[in-house]
Amino acid sequence: MVEVEEVLKQILEKLSSLEEGQKEFKADISRLEKKLDTIYTQTATLTENDVQIQKDIQQIKKDVSTIEKVTASNYSDIANLKAAK
């Protein structure tokens, strides 16, 4: 009987150790989930910023194109004024 009790005691100790390890894993998973949530939020923010930056770049391209057209027109007007002198 002593051997059986000793074996049961060892089994209970190992079971207790496994349960403690499981608690640690759950805590680790919880921390990882929080980090993942933070990464998800930051990624969403960066994506929104990227979309806005792309829109801003397109607007700048349009503005530069308009400036180039106006500048070309001004050069033409200046050439016409010089020729009229």
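The chain carries 13 positive and 16 negative side chains. The centres of these two sets lie 14 Å apart. Lys and Arg count as positive, Asp and Glu as negative, while His and the chain ends are not counted. Each charge is placed at NZ of Lys, CZ of Arg, CG of Asp or CD of Glu.

A word on the basis. This is a predicted model, in which local features need pLDDT of at least 70 and side-chain atom pairs count only at pLDDT 80 or more, whereas totals for chains, interfaces and linings use all residues. Residues are numbered from 1 along each chain as its sequence is written, and side-chain values use heavy atoms, with hydrogens and water left out.

Now the overall form. The chain has 1 helix and 0 strands. Both are DSSP runs numbered from the N terminus: helices are H or I with at least four residues, strands are E with at least two. Helix 1 spans 2–84. The C-alpha atoms fill a box of roughly 125 × 15 × 10 Å along the principal axes. The radius of gyration is 36 Å, but a compact globule of 85 residues would have one near 12 Å. That radius is taken over C-alpha atoms, and the globule rule is 2.2 Å times the number of residues to the power 0.38.

Thr47 and Gln10 are 37 residues apart, and their C-alpha atoms are separated by 55 Å. Between Lys23 and Thr47, 24 residues apart, the C-alpha separation is 36 Å. For Gln58 and Thr45, 13 residues apart, it is 20 Å.

How much of the chain is buried? Of the 85 residues, 0% count as buried. Buried means under 20% relative accessible area, exposed over 50%, and partly exposed in between (1.4 Å probe, protein chains only). Lys23 lies in helix 1 and counts as exposed because its relative accessibility is 57%. Thr47 is also placed in helix 1; its relative accessible area of 45% makes it partly exposed. Gln58, in helix 1, is partly exposed at 41%.

The chain exposes about 8300 Å², and carbon and sulfur atoms supply 60% of it. Areas come from the Shrake-Rupley method with a 1.4 Å probe; for residues, only the protein chains shown count as cover. Met1 sits in the segment before helix 1 and is exposed, at 78% relative accessibility. Met1, Val4, Val7, Leu8 and Ile11 form a nonpolar surface patch with about 520 Å² of accessible area together. Patch members have over 30% relative accessible area and no salt bridge; like charges are joined within 9 Å, nonpolar side chains (Val, Leu, Ile, Met, Phe, Trp, Tyr) within 5 Å.

Back to charge. Side chains of opposite charge can pair when their charged atoms come close. A salt bridge needs a side-chain nitrogen of Lys or Arg within 4 Å of a carboxyl oxygen of Asp or Glu. The count comes to 1 salt bridge. Asp28 pairs with Arg31 in a salt bridge, the closest N and O atoms being 2.1 Å apart. The two are 3 residues apart in helix 1, so about one helical turn separates them. Asp28 is partly exposed at 33% relative accessibility, and Arg31 is partly exposed at 46%.
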